[in-house]
Amino acid sequence: MAIGQFGPALEEALQRTGETRGKVGRVTHVDASMVGKIIKGTRKPSKEVMRAASEHYDDGQLFIAAAAEVTGGAFVPWLDGADLHKSTTTLKTLEEMDEAEAALQEAPITKRLDQLTPKEKQQIKVSIMEQIEAVTALLHNITMLCREYGFSFSKMFREHRSEMKAKKYMK
């Protein structure tokens with residue numbers, strides 16, 4: 001999801017759940033007219049509004065949109081033009097992971113920057129782009145599987161964070 005896409009993501013969440021702008025306004029501590037302005041894109045959502053709405057709906061699409069807003073677009077885009085059925089996202093994820101692996105195998109990462117030829121530097125860039133595409137596919141697949149099977153998107157990431165702390169990868 002690009003910058004400015006939190007509003008449309010919020011609107012989709014409202015449509016999926018059947019909730020009103022008034023309800024999301026109460027959850028996010030703003031009035032319904034402000035929710036409407038956020039949805040239309042005439043007002044930027046505050047971090048507090050994005051956090052409250054994302055937690056309330058516990059949906060990956062909103063978390064992705066919020067992250068893109070906060071980082072100025074330096075995050076996974078939401079692919080609203082793609083087939084987001086769980087089977088399709090799973091197959092696409094497998095394809096993108098294969099492509100990322102192949103690109104990683106070709107990238108000359110054992111060399112320092114000053115040792116790279118322009119072609120080798122391009123291989124590294126291709127590898128990075130393939131990895132970003134894999135991350136994009138993975139996050140969409142996670143979102144769709146959580147929606148389909150009733151898993152909490154945020155709880156899955158909290159569990160992952162706990163595992164990483166237990167393995168001493170994080171403090």
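This is a predicted model: local features need pLDDT of at least 70, side-chain atom pairs count only at pLDDT 80 or more; totals for chains, interfaces and linings use all residues.
Residues are numbered from 1 along each chain as its sequence is written, and side-chain values use heavy atoms, with hydrogens and water left out. Local features need pLDDT of at least 70 and side-chain atom pairs count only at pLDDT 80 or more, whereas totals for chains, interfaces and linings use all residues.

The largest pocket holds about 570 Å³ of space. A pocket is an open set of points on a 1 Å grid over the protein atoms alone, where a 1.4 Å probe fits, with protein on both sides within 12 Å along at least five of seven lines; lining residues have an atom within 4 Å of a point. Volume is the space filled by probe spheres set on the points, which are joined across faces, edges and corners. The lining has 19 residues, and F63, A67, F153, S154 and F157 lie nearest the centre. At least two residues each come from α4 (47-57), α5 (60-71) and α8 (153-166), with the largest share, six residues, from α8. Helices are DSSP runs (H or I, at least four residues), numbered from the N terminus.

The second largest pocket has a volume of about 190 Å³. Of its 13 lining residues, L79, A82, K92, T136 and A137 lie nearest its centre. Two or more residues of this lining are given by each of α6 (86-106) and α7 (118-149).

In the helix contact, G60, Q61 and I64 of α5 meet L139, T143 and R147 of α7, where contact means heavy atoms within 4.5 Å.
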